[in-house]
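Subject: Structure handover

Hello,

Here is the structure for you to look over. My notes on what was found follow below.

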Amino acid sequence: MKNKKNPIQQKKKNSIKNYFLTGILVSAPLAITIYLAVELILFIDTKISALIPIEYKPMLAYLHGIPGFGVIVLFVGLIFIGWISSGFFGNTLLKILNKAISKMPVVSGLYNGLKKILETVMGSGQNQAFREAVLVQYPREGLWTIAFITGDVYSGIKKHFKKEKMVSIYVPTTPNPTSGFLIFVNKKDIIPLDLRVDDAWKIIISTGIVTPDSPQNQQKIMEQALAKAAKDLKN
């Protein structure tokens with residue numbers, strides 16, 4: 001005859017398993033976030049420290065040991081640059097710089113492209129990038145994916161679709177949304193989502209694991225797991 005497993009031992013094993021999984025759910029996101037934040041701060045501190053002239057380093061040596069010193073310097077420096085650029089003198093320098101760069105064959109294309117992207121993404125341009133999250137059938141009919149309306153279609157393309165109201169949409173790949181596809185689609189073929197753009201990005205990057213209501217669901221799962229584990233220990 002086969003030996004039957006002790007119910008009490010089995011419950012204890014299940015309780016330990018539940019505690020272990022709950023511990024991962026609680027600690028892993030926090031630990032990864034802290035690690036990435038610390039690495040980013042140290043990276044900025046190192047790069048900022050390298051930019052400080054040698055003659056000034058002895059005077060600032062006691063500050064270099066403070067974590068985040070580089071981030072503060074970078075933050076203040078960007079504000080100062082923005083303040084200078086907003087004035088007449090800074091605006092004039094920017095015009096001279098843009099004119100000089102525009103005459104460089106390869107550099108001008110790269111500079112202007114990056115500038116346009118940053119202006120659009122940060123909302124300083126005329127249009128807001130990724131203004132709305134929508135559903136579109138892609139890569140074939142019957143399959144749906146999340147996409148983002150990025151703007152109107154170029155007039156040279158729009159003229160080929162006189163009877164249709166076309167929009168430009170970006171279909172990102174997952175889990176790396178920095179690559180994707182630009183698609184021109186009839187506006188009637190897309191479904192607007194009652195979803196914030198940043199929440200849509202979370203769904204894409206997490207491959208559907210994280211949804212806008214997932215924190216509440218995860219909290220319920222953890223509470224249920226802890227309650228079950230406590231109940232098993234009592235029994």
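Leaving aside its neighbours within four places in sequence, which residues is Asn186 in contact with? They are Glu164, Lys165 and Met166, where contact means heavy atoms within 4.5 Å. Asn186 lies in strand β4 and is buried, at a relative accessible area of 8%. Buried means under 20% relative accessible area, exposed over 50%, and partly exposed in between (1.4 Å probe, protein chains only).

Before the rest, note that this is a predicted model: local features need pLDDT of at least 70, side-chain atom pairs count only at pLDDT 80 or more, and totals for chains, interfaces and linings use all residues. Residues are numbered from 1 along each chain as its sequence is written, and side-chain values use heavy atoms, with hydrogens and water left out.

The sheet

Five strands form an open sheet in the order β4-β3-β2-β1-β5, with antiparallel pairing. Its edge strands, each pairing on one side only, are β4 (180–186) and β5 (191–192). Helices (H or I, at least four residues) and strands (E, at least two) are DSSP runs, numbered from the N terminus; two strands pair if DSSP finds at least two bridges between them. Between β1 (residues 132–137) and β2 (residues 144–152) there are six bridges, in the antiparallel sense. Val136 stands opposite Thr145 in β2.

Helix α7 (residues 197–205) packs on the sheet, touching β1, β2 and β3 (166–172), and its direction makes about 140° with that of β2. Axes are lines fitted to C-alpha atoms, for helices over the stretch in contact, and angles run from 0 to 180 degrees between N-to-C directions. The buried residues of α7 are Asp199, Ala200, Trp201, Ile203 and Ile204; what covers them includes β1, β2 and β3.

Either side of α7

Arg196 is in the loop between β5 and α7. Arg196 is exposed, with a relative accessible area of 53%. Its C-alpha atom is separated by 9.1 Å from that of Pro212, 16 residues apart along the chain. After α7 comes Thr207, with a positive phi near 55°.

The α3 and α4 pair

Helices α3 (residues 69–86) and α4 (residues 88–102) pack at an angle of about 90°, their axes 4 Å apart. That makes α3 roughly perpendicular to α4, a label for angles of 65 to 115 degrees (under 35 is roughly parallel, over 145 roughly antiparallel, the rest oblique). Ile84, Ser85 and Ser86 of α3 make the contact with Phe88, Gly90, Asn91 and Leu94 of α4.

Regards
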